[in-house]
Amino acid sequence: MLKEAISYSIEDNASVRVVQITDPHLFADPDAQLLGVNTAQSLEAVLNTINAVHYPADFMLATGDISQDYSSESYQHFLRAISPIELPCHYLPGNHDDPRIMHLNMQGPKIFGQRRILAGNWQIIMLDSTVRGKPGGHMSDSEIDIIKSAIADQPDRHILLVMHHNPILVNCTWLDQHCMDNGSDFIEQMAELPQIKGLLWGHVHQKLDQEHLGKHGMVRLMSTPSTCIQFKPKSSYFALDALQPGYRLLELKADGSILTNIYRVPGDNFSPDREASGY
């Protein structure tokens, strides 16, 4: 049975404006570091940058790996960190999250774990691509059924699909081992559906903006930098990038087109351990 969606009162001819943050990798200890970067501080820096830009966002998407240590405290830290933004936040799990602990602790008046968001001419579907105990992902038949049921319920709305794992390879040999294992098939299925306008994910800790030619036109494919460490693009071995933490802004236009950009924390305050060989 298709569950009720979260709805926003946005006029049908107006754009839907969204902020995406992803992969904070928070710890119970706010002083803890991931490969030389204090993840609590880097998340705070990203959120401060979002606030400074004054983008008129309608809500925020948090696309997984909220926690690094599966602790209740890490999720509670996340809630406190995003509170000053004063935006509703919709979240989904990543491979570093424990969904049970996540849902128990991600509670509040502006935090939502529901699967569907209705806003203006758009329907945003939050998908679970995780496989318990594995770093890689898979899009299950039950998730695809949610998409099809959501389309049947709202056939006239454009759709943005949001997930944690990358459905396409990013040309990082070590990282592509942990992609969505049926990503190519998933994209081909989605490209057959006229409502699908974009796919958005985290996981890869780097920017990617591509288009896939589907049966009904171009489908946007987008990944977003982490709010902590960055993985070096097109690297055959594990390597960290010196780029600063970042986030993505999206404008979902009423006609189904998507305007989007990546923004990063200014300066060079977050320098990872470039000699690290894994995490």
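Visitor: In what order do the strands of the open sheet come?
Guide: In this predicted model, the open sheet has 6 strands in the order β7-β6-β5-β2-β18-β19, and their pairing is mixed. The edge strands are β7, residues 111-112, and β19, residues 258-264, each of which pairs on one side only.

Visitor: And in what sense do β6 and β7 pair?
Guide: Strand β6, which covers residues 89-91, pairs with β7 in the parallel sense, over 2 bridges. In one of these strands sits Cys89, whose bridge partner in β7 is Ile111.

Visitor: Which helix packs on that sheet?
Guide: That is helix α1, residues 39-53, which touches β2 (16-21), β5 (59-62), β18 (246-252) and β19. The direction of α1 makes about 40 degrees with that of β18.

Visitor: Let's stay with β2 for a moment. Is Gln20 buried or exposed?
Guide: Gln20, whose place is in strand β2, has a relative accessibility of 0%, and because buried means under 20%, Gln20 counts as buried.

Visitor: What does the side chain of Gln20 make a polar contact with?
Guide: The side chains of Gln20 and Thr63 are joined by a polar contact of 3.0 Å. A polar atom of the Gln20 side chain also lies 3.2 Å from the backbone oxygen of Trp201. If we leave aside residues up to four places away in sequence, the residues that Gln20 touches include Leu61, Leu200, Tyr247 and Leu250.

Visitor: Changing topic, where is His25?
Guide: His25 lies in the loop between β2 and β3, the latter being residues 33-34. His25 is buried, with a relative accessible area of 0%, and its phi is near 55 degrees, a positive value in a residue other than glycine.

Visitor: Which residues does Ile66 touch?
Guide: Not counting residues up to four places away in sequence, Ile66 touches Pro24, His25, Leu26, Tyr75, Phe78, Asp97, Met102 and Met106. The place of Ile66 is in the loop between β5 and α2, which is residues 72-82, and Ile66 is buried at a relative accessible area of 0%.

Visitor: How far apart are Ile66 and Phe78?
Guide: They are 12 residues apart in sequence, and 7.3 Å apart in space from C-alpha to C-alpha.

Visitor: Now β9, please. How many of its residues are buried?
Guide: Strand β9, residues 122-126, is mostly covered, with 5 of its 5 residues buried. Trp122, Ile124 and Met126 point one way from the strand, while Gln123 and Ile125 point the other way.

Visitor: Which strands does β9 pair with, then?
Guide: One of them is β8, residues 116-119, which pairs with β9 in the antiparallel sense over 4 bridges, and Ala119 stands opposite Trp122 there. β8 and β9 form a hairpin with 2 residues between them, and Gly120 in the turn has a positive phi of about 55 degrees. Strand β12, residues 158-162, is also joined to β9, by 5 bridges, and these two run parallel. Here Ile124 stands opposite Leu160 in β12.

Visitor: What about Arg220, is that residue buried or exposed?
Guide: Arg220 lies in strand β15, residues 217-223. Its relative accessible area is 18%, so Arg220 is buried, as the limit is under 20%. A polar atom of the Arg220 side chain lies 2.7 Å from the backbone oxygen of Ile258, and the residues that Arg220 touches include Asp209, Glu211 and Thr260.

Visitor: Last one: how many helices and strands does the protein chain have?
Guide: The secondary structure comes to 6 helices and 19 strands. The radius of gyration is 17 Å, close to the 19 Å that the globule rule gives for 279 residues, so the protein chain is as compact as a globular protein of that length. Of those 279 residues, 57% count as buried.

Technical notes
Residues numbered from 1 in each chain as written. Predicted model: local features only at pLDDT ≥ 70, side-chain atom pairs only at ≥ 80, totals over all residues. Heavy atoms only, no water. Pairing = 2+ DSSP bridges. Contact = heavy atoms within 4.5 Å. Axes fitted to C-alpha atoms, helices over the stretch in contact; angles between N-to-C directions. Rg over C-alpha atoms; globule rule 2.2 N^0.38 Å. Buried < 20%, exposed > 50% of the residue type's maximum accessible area, 1.4 Å probe, protein only. Polar contact = N/O pair within 3.5 Å; in protein donor to acceptor, adjacent residues only side chain to side chain.
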